[in-house]
Amino acid sequence: MKIGILGGGQLGRMLIQSALKYDDEFYTLDPASDAPCHNISYFTQGNFNDYDTVLNFGKDKEVVTIEIEHVNADALAELEKQGVRVVPNANIIKTIQQKILQKEFYKAHDIPSPEFQVVWNSDEKIMMPLPFVQKMNTGGYDGKGVQVIRTEEDYQHLWKEASVIESLVDIEKELSVIVARNEKGETNIFPVTEMVADPKLNLLDFNVCPVLLTEDVQQQIDSITEKFLSAVNSPGLFAIELFLDKEGKVWVNETAPRLHNSGHQSQEGNTNSQFEQMYRVVKNLPLADTDAITYSGMLNLVGAEGYAGKVVYEGMEEVLKLPETYIHLYGKAETKPGRKMGHINVLADSREELMEKLVMVKGMVRVIAE
C-alpha cells in the first residue's frame, strides 16, 4: 500500500521504523529538506499547509495520515472526495487543530473540560476570573501558544489573536491516555500514563506508566474515553491529555489527533507500541493488544541551553551500558536549546525504581553541540 504522511518529523520516522517489518511504501511531505523522515521514506520537500501541495502529494496514495495536526484540512477533505482514505478524517483534524472548535466539541458531547470563553480579538472583554490560561486558536504545540495570566499586570502580555480563555485547573497530576479506533469501529485503549513536565521549557520531562489511580479516577477516565470514541466518528489514534485536580476530578486539557510524546514508553513498556497501533489503524487491521509489561518511563533528550550547531550526545556511552535502557534518536543533525532530539525509555520492577533510574539517566546525558 502507498501510505502518505503529512509531516516528516520524529513521529513519522518512528511510525515508519515500526512498520518496516511489513510490506508497504511510505511517502512523507515536510518543509525541511533534512526532516527526520527524509532518508527512510519517499520524501517530498513541501509545505503541508498549502492546499495544492497537499492535494498533489495525496492524490496517488491509497491512504494519507498525519504526524502533525497543523496541515491543510481543506485539501484533505478534497482528497476524501476523490476516494483517498484520510486517517483521521479531515473533519476531526479541522476540529482539533482549532482550539475553539475543539473546546466546543467537548462541550457538545458532555466531555469534561475546564470552563472557557472564546475571544476573537483584543477588543473583547475577558469575563474569566484570574488566574486563567490563554490558548491561541491555531498553531500551538509543545507548550507554544499557551500562557497563564495570573495578575492584572499580566494582561499586557495577552496575545491579540483569536484564543480560548480557560479557567486554570489546580493540578494534582497531568495524565494522558492514548486511544485507537479502526475503520471497522474496533477500539483499544492504552494504560494511562503520567506526564511530568519541565517547568522551564513547558515540555514533557518524564512519562511514567502504569499510574496508580483510585477506582473513581479510573472510572472518570473510562467515561471520557468512551464518550470521545463515540463522538469522534473517525478512525485514528488520539492522545487525550488530562488534568487530575486536587479535588479528584478529571478534566480534558486537549487532544492530539496523532501519535504523541506521551506514548513513547510504549515502545518497550507495552506488548505493542503506539506506532504499531497507528500502523494497524491506517491499514484498517485488527488492533494490537496494548497491556503494560512492567513499569516503564521515558525522558526527552532536549537541546541544552547555550548550545546550537552540530549535535553531540554527551554521556551516551555510559547510558548504553545500563540494562533495560533504550535510546531512540530522531536523526536531527542540528541541535538548539529546547529542541527535541531523541528520548530514552527505561524499564523497572517498581515505580520507585523507575523514577530513580529516570533521574539517574537524566543526569548522565547532555545534548550539546560541537
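This report walks through the fold of one predicted protein chain, from its overall build to a few local details.

## How to read the model

Because the model is predicted, local features need pLDDT of at least 70 and side-chain atom pairs count only at pLDDT 80 or more, while totals for chains, interfaces and linings use all residues. Residues are numbered from 1 along each chain as its sequence is written, and side-chain values use heavy atoms, leaving out hydrogens and water.

## The whole chain

Let's start with the overall build. The chain has ten helices and 21 strands; these are DSSP runs numbered from the N terminus, with helices being H or I of at least four residues and strands being E of at least two. Its radius of gyration, 20 Å, is close to the 21 Å that the globule rule gives for 370 residues, so the chain is as compact as a globular protein of that length. Here the radius is taken over C-alpha atoms, and the rule is 2.2 Å times the number of residues to the power 0.38. Along the principal axes, the C-alpha atoms fill a box of roughly 55 × 50 × 45 Å.

Of the 370 residues, 55% are buried, where buried means under 20% relative accessible area, exposed over 50%, and partly exposed in between (1.4 Å probe, protein chains only). Looking at contacts (heavy atoms within 4.5 Å) between residues at least 6 apart in sequence, 62% join residues at least 24 apart.

## A helix under cover

Three strands form an open sheet with antiparallel pairing, in the order β19-β17-β21; two strands pair if DSSP finds at least two bridges between them. β19 (334-335) and β21 (366-369) stand at the edges with a single partner strand each, so one side of each has no neighbour in the sheet. Strand β17 (residues 309-314) is joined to β21 by four bridges, and Val-311 stands opposite Ala-369 in β21.

## A loop residue

Finally, Thr-151 lies in the loop between β8 (146-149) and β9 (163-167). Thr-151 is partly exposed, with a relative accessible area of 31%. Its C-alpha atom is separated by 9.3 Å from that of Phe-132, 19 residues apart along the chain.
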